[in-house]
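Trainee: Could we go through this one together? I'd like to know what stands behind each label.

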Amino acid sequence: MITYQVMTEEQVGKLSEIDRSEHIDLIYEMQNGEMIELQAGHECPSWDEDLLHEMEGRYLLELRNGGMAIGAFDADTLVGFGVLAHQWRGEHQDRLQVDLMYVSRNYRRRGIGTKIMQTLAAEAKQRGAKYLYISSTETRSAVFFYKSNGSQLTEDVDPELFKKEPKDIHMVVEL
């Protein structure tokens, strides 16, 4: 049985339990405001040491500054998590970002990511946000997941997030 809980700074080491690997068949690219589908056909491996260290740093930064993390656990093993960022975004400062969102390969397509998204959305709404902001990796699986959870492409792309990840697909979910 999968259980969900708010995660703490002390659980940062649990992130290494996530198997982020996947076969990437298609990616998307934004061209003139349109999402264009491109063939990919490669494997994305699980964490390497540098990427894991970067994700742990982002996780801790958000939690230490007022963000929150929700974890999905199978017994004591972390099988999915999402992080709601602390920084307000958008012209009207009414958006909170889903900064990190991962579900282990063998646990995908079971509603775990959706439950995490719903929990993050409820928290963002409680904090006064009108939208969730998503800077999604360009893979079909990620974009499809966010779209199936109510996300739509945004024309109001956050410049800071775009600069960090110019290939990402930028979306919002109205709360």
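Mentor: Let's start with helix α3 (residues 140-148), where Ala142, Val143, Phe145 and Tyr146 are buried. Those four cover an arc of only 160° around the axis, which puts them on the same side of α3. The arc is that of the directions from the helix axis to the C-beta atoms. This is a predicted model, where local features need pLDDT of at least 70 and side-chain atom pairs count only at pLDDT 80 or more, while totals for chains, interfaces and linings use all residues. Residues are numbered from 1 along each chain as its sequence is written, and side-chain values use heavy atoms, with hydrogens and water left out.

Trainee: What covers the buried residues of α3?

Mentor: The cover includes β2, β3 (34-44), β6 (95-103), α2 (112-126), β7 (131-136) and β9 (169-174). Just after α3, Gly150 takes a positive phi of about 95°.

Trainee: Why is Ser136 called buried?

Mentor: Buried means under 20% relative accessible area, exposed over 50% and partly exposed in between, with a 1.4 Å probe and protein chains only. Ser136 has a relative accessible area of 2%, so it counts as buried. Ser136 sits in strand β7. Leaving aside neighbours within four places in sequence, Ser136 is in contact (heavy atoms within 4.5 Å) with Ala142, Val143, Tyr146, Asp168, Ile169 and Met171.

Trainee: And Ala85, buried or exposed?

Mentor: Buried, because its relative accessible area is 2%.

Trainee: Why is strand β4 (residues 68-74) described as largely enclosed?

Mentor: Six of its seven residues are buried, so the rest of the structure largely encloses β4.

Trainee: How do you know that β4 pairs with β1 and β5?

Mentor: Two strands pair if DSSP finds at least two bridges between them. Strand β1 (residues 2-6) is joined to β4 by five bridges, antiparallel, and β4 to strand β5 (residues 77-89) by seven, also antiparallel. So both meet the definition. For example, Val6 has Ile70 in β4 as its bridge partner, while Ala69 is partnered by Val83 in β5. The β4 and β5 hairpin has two residues between the strands, and Ala75 there takes a positive phi near 60°.

Trainee: Which residues lie nearest the centre of the second largest pocket?

Mentor: Glu29, Met30, Pro166, Asp168 and His170, out of 16 lining residues. Strand β2 (residues 22-31) gives the largest share of that lining, four residues.

Trainee: What makes something a pocket rather than a cavity?

Mentor: On a 1 Å grid over the protein atoms alone, a cavity is a set of points where a 1.4 Å probe fits but cannot get out, while a pocket is an open set with protein on both sides within 12 Å along at least five of seven lines; lining residues have an atom within 4 Å of a point.
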